[in-house]
Amino acid sequence: MITRWVYRTVDARLGTTSVARTALAKVFPDQWTFMFGEIALYSFLALVLTGVYLTLFFDPTSAQTVYDGAYQPLSGSTVSGAYASAVALSYDVRAGLLIRQAHHWAALLFVGAIVLHLLRIFVTGAFRKPREINWVIGVTMLTLALLNGFTGYSMPDDLLSGTGLRIIYSVVLSVPVVGAWLAQLAFGGEFPSDATLPRLFVTHVLIVPAVFAALISAHLAIIIRQKHTQFPGPGRRERNVVGSRLWPAYTVRTLSLAAGVFAVVFALGGLVQINPVWIYGPFSPAKATSPAQPDWYVAWGDGALRLFPAVEFHVFGHLVPSPFLPAVGVGTVTFLVLYAWPWLDRWRTGDRASRHLLQPPRQRPGRIAVAAWAVTFFAVLLVAAVDDIIARLFAIPVTGILRTLQVLVLTLPFVVAAVAYTVARALRGGTARSVGELTAEELRGGLTASPGPVELGDDDPVALDQLITLWRNPDDTWRWRWTGPDDEKLASNEAYLSRDEAVAAASVAFVGVPIDQTEPPPDVVLPPPTGHGRAARVAAGAAWVAMAIVAWRRSRKDRP
Amino acid sequence: MSGQHRPQGGTVHAIRLAFGISVLGAVEFAVAYGLGGNTQLLGVGLAVAFGGLCVGLWLWGRRLLPMGGFVEQRPPLAATQQDVTLLAHAIGGPESPVRRRGLLGMFALAVGTVGLALLFPARSLLSFRKPDPDVALDHTAWRFGGLRLVTPEGVPVRAADVGAETIQIVVPEGHTRDGDVPAFVVRVDPANLITPPPGGMVGGGLVAYSLLCTHAGCPVALYQQTTGRMLCPCHQSTFDLFNAATPVAGPAARPLPGLPIVVDADGYLRASGDFTSPPGPGYWSRP
């Protein structure tokens, strides 16, 4: 009764019912690879929550202060405020180390999920029209994630982060013409400057997260507007989405995923040490850590810096320093290609139509080859970033490893790309459903001529063996159900208030399929005759009750 | 959709158990916090709390709720020509501002000028008080000639203190925290020298160079006496001290700049001037 009253109160003021009804009925495809984006979203949530906590204790200043806390080896030492507060967060703030480490692990997970999400979008062609805008937003969020990851672990002013900052400073400095000015803009002066930490801090906790919030909102709003892509399958058309409804099935599953992300983040944060700044020691301009490795998502840049030969040249008497080509060059080219990819792909295929059905990766062997090339290239660069550790572990000279990796980075990507291309063509040409089922003959077929690309599962012009049944419920609402050639059944996600609405929806979702009006089928669970959107009322009501309780308790607390 | 008819007792028990474990995890977290906040116990508590929720909700979603089976229509995004025309009429009606080309031009000029003017304060991020960055990079505090070489902790270094096994890291007295000043002195056997050191040599084999790698600016801190080589721990650039610190391996392309040093009357090392060239990473206007 209470919830109903609360809901009525809200609805009379905001008119939420039809929006809520539509929202709760939104269909999400059941595809596990669609989870990567959600993992990134929930990692972001974990980052914001843990990050806000950290800002309450962290002091982003290079002003010298005396650390006087529980970490004995440092107690009484004069260090920067940033370093002292980072150590205090780890030793003196109760639960501080858990939150600090959970924040760092969440960042690693965040970027990892974004990269997997990007790869999924890439190999299935989900970036094609009309989703180019969301692709561009996504790539932008990847660059921001890299930027914020780097600014984040650079702030504690420990020796490792100082070394990383020095390298990035050198990379920025290497940009032709404006390098010195850019470096001063980013670092506030010649490295190390007292202005650096405040700039990193504001960038990390305010500017980038604000842009992130805006871009994530846009990303999700566009997904809701365009609706999800889906793989071809029974009943799946360009004009529909097949899957589970937001409420209840998808809500419960995605909340499970959110809880899972938080569980992993806190398990790692509590049990697996990361970035122990008290071991690295405070930054000093004359010292460096050895070995020094950045976080994994920027390590490819460090690997490129190690592998690239000593090339410096002059342009009109001006110097282009050695970090420019491997760090600025490789990074710029990578992101330019990523940004341009939807248009490069369209230029290659000549496909200008809107595509909501995904391409199974095998269908575009060329695209798989590009993805395999890129993944291998960056994997070799990642390995190169730990060449000194490999050298130490296996007691082999680092120059030999370097030479090997220099050869590998130029050859291995092409080998892997060729293999991926062949396997994709074999899969496309044969009957195997997965790589394991491929026969030798099919693989040979992948090497030789292969039939041109076949567009699968587009709207089927032959609608003879399909049927849409339409019926009226006892509560005067209308529903419909599609039955496919193999007796597959798909129910309309919503109940409609009129017959016309139901017919219109069915004929959009399944163009040209005959519609047959019947009695309610016996195997359909009918809604209770009391009305629609009950779930919406319950959910909204519960939320309002919770908020009311919080507000009431607040007001009690504020009372003198 | 047929999920409702399956036997569910076991699943319901399992979900209840998972949520119960979640409660235990949360309680353990709170207790661990109260008892001093052991990081491992806190982490396990929250992991179990969220893990229980994850498993319980997962079972609920997979076993008690229908999976798939629904279809939603996706109308084309692009509007009909008629719709677009209506929008165009709505925007470009008779009194519409877009019809007043002259006013619009002036408006654009005003907005653009205001926008440009508002960009001016951004210049403050590049301080007016400091020298231009490309100029500042050309020299270091060593240029105030005669500064004593001190350790990073501030202890002056005597020529007699410098050995041959390890390098002595030095900075100019009074400028110990500058980023571009770190240098090192080491004693080498003059007989090994192929090329004379750019900063000269004092006291029968003392040489001084910038400590910063000419590739990405890391301190080149690893010295091997037998080969006279300095190795950078960041990207493995190697410099040959017997040959004027020229790079012999790795991504660095320029030798380490030398530091001209003298021994004063009290036996302390002093710099007679700045590095022989700007230290550290390269930049566009580097002379």
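**Figure 1. Burial and overall extent of chain A.** Of the 560 residues of chain A in this predicted model, 41% count as buried, a residue being buried if 20 or more other C-beta atoms lie within 10 Å of its own, exposed if 12 or fewer, and partly exposed in between, with C-beta atoms placed from the backbone. The C-alpha atoms of chain A fill a box of roughly 85 × 85 × 45 Å along the principal axes. Chain A holds 19 helices and 10 strands; helices (H or I, at least four residues) and strands (E, at least two) are DSSP runs numbered from the N terminus. Residues are numbered from 1 along each chain as its sequence is written, chains are lettered from A and ligands numbered from 1 in the order in which they are written. Because the model is predicted, local features need pLDDT of at least 70 and side-chain atom pairs count only at pLDDT 80 or more, whereas totals for chains, interfaces and linings use all residues.

**Figure 2. Helix α12 of chain A.** Helix α12(A), residues 296-307, has 12 residues and spans 17 Å from its first C-alpha to its last, close to the expected 16 Å; the expected span is 1.5 Å times one less than the number of residues. In α12(A), 10 of the 12 residues are buried, among them Y297(A), W300(A) and L305(A).

**Figure 3. Residue Q64 of chain A.** Q64(A) lies in strand β2(A), residues 64-66. Q64(A) is partly exposed, because 14 other C-beta atoms are within 10 Å. The C-alpha atoms of Q64(A) and A379(A), 315 residues apart along the chain, are separated by 40 Å.

**Figure 4. Helices α1 and α2 of chain B.** The axes of α1(B), residues 9-34, and α2(B), residues 39-64, come within 7 Å and cross at roughly 165°. Axes are lines fitted to C-alpha atoms, for helices over the stretch in contact, and angles run from 0 to 180 degrees between N-to-C directions. The two helices are therefore roughly antiparallel, a term for angles over 145 degrees. Residues of the contact comprise 20 nonpolar, six polar and two charged; Ala, Val, Leu, Ile, Met, Phe, Trp, Tyr, Cys and Pro count as nonpolar, Asp, Glu, Lys and Arg as charged, and the others, Gly among them, as polar.

**Figure 5. The sheet of chain B.** Four strands form an open antiparallel sheet in the order β2-β3-β4-β5, two strands being paired if DSSP finds at least two bridges between them. Strands β2(B) and β5(B) stand at the edges, each with a single partner strand, so one side of each lacks a neighbour in the sheet. Three bridges join β3(B) to β4(B), where V170(B) stands opposite A183(B).

Conventions
Angles under 35 degrees count as roughly parallel, over 145 as roughly antiparallel, 65 to 115 as roughly perpendicular and the rest as oblique.
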